[in-house]
Amino acid sequence: NMAISTDYSRMAESYRLCANADLVIGKATSLIDECLAVGIPAVLHDYTHNSSGSRRLVLDYLPREIWALDEVELASRVSFGLADDGHAFGDWWEPHRSRIYGHLNDGNVRERARDQILEILSHKTRSEHR
């Protein structure tokens, strides 16, 4: 089964779809990075009629095996991502995921960001009062 949504009226619809997906196919975006960070299998589609591989050159931290640069690679990457209910992808991906994203995908991003901002502001305030 496959779902393609063009519903942009619901807040966070993309995240809802990704959270329930067995595999996500998309262009190189932060949403794909977020999927990969939490271990959702993903394939990056990086080909059009007039270019192939241009985004891959910019986002060189992602392994080549994530990228599909033509239809044959797309079919192969999708098959691998779905094989064994995604476990084959997960086993292969985990060392990459850990190296690239670390363990910051724990649901505490907002709190960490807030703490960092408050710390920066408190240092600035202390510096101004000297």
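**Entry 1: D33.** I looked up D33 in this predicted model and found that D33 is buried yet has no salt bridge. The nearest side chain of opposite charge is R55, 7.9 Å away. I noted that a salt bridge requires a side-chain nitrogen of Lys or Arg within 4 Å of a carboxyl oxygen of Asp or Glu. I then asked which side chain is joined to that of D33 by a polar contact. The partner is Y61, at 2.6 Å. With neighbours within four places in sequence left aside, I recorded Y61, L62 and Y101 as the contacts of D33.

**Entry 2: helix α2.** I placed D33 in helix α2. I listed the buried residues of this helix as I32, D33, C35, L36 and A37. Among the elements that cover them I found α1 (13–19), β1 (24–26), β2 and α5. Just after α2, I noted that G39 takes a positive phi of about 90°.

**Entry 3: nonpolar cores.** I turned to the largest nonpolar core, which has 18 residues. Those with the most contacts inside it are V24, L36, L44, L62, I66, W67 and W93. I checked which elements each supply at least two of its residues, and these are α2 (30–37), β2 (42–45) and α5 (87–101). The largest share, four residues, comes from α2. I also recorded a second, separate core of six residues, including Y47, A68, L74 and V78.

**Entry 4: W67.** Residues up to four places away in sequence were not counted here. I found that W67 touches A28, L44, D46, R55, R56, L59, L62, E73 and R77. Of these, L44 and L62 are listed with W67 among the residues with the most contacts inside the largest core.

Technical notes
Residues numbered from 1 in each chain as written. Predicted model: local features only at pLDDT ≥ 70, side-chain atom pairs only at ≥ 80, totals over all residues. Heavy atoms only, no water. Core = buried A, V, L, I, M, F, W, Y, C linked by side-chain atoms within 4.5 Å. Buried < 20%, exposed > 50% of the residue type's maximum accessible area, 1.4 Å probe, protein only. Contact = heavy atoms within 4.5 Å. Lys, Arg positive; Asp, Glu negative; His and termini not counted. Polar contact = N/O pair within 3.5 Å; in protein donor to acceptor, adjacent residues only side chain to side chain.
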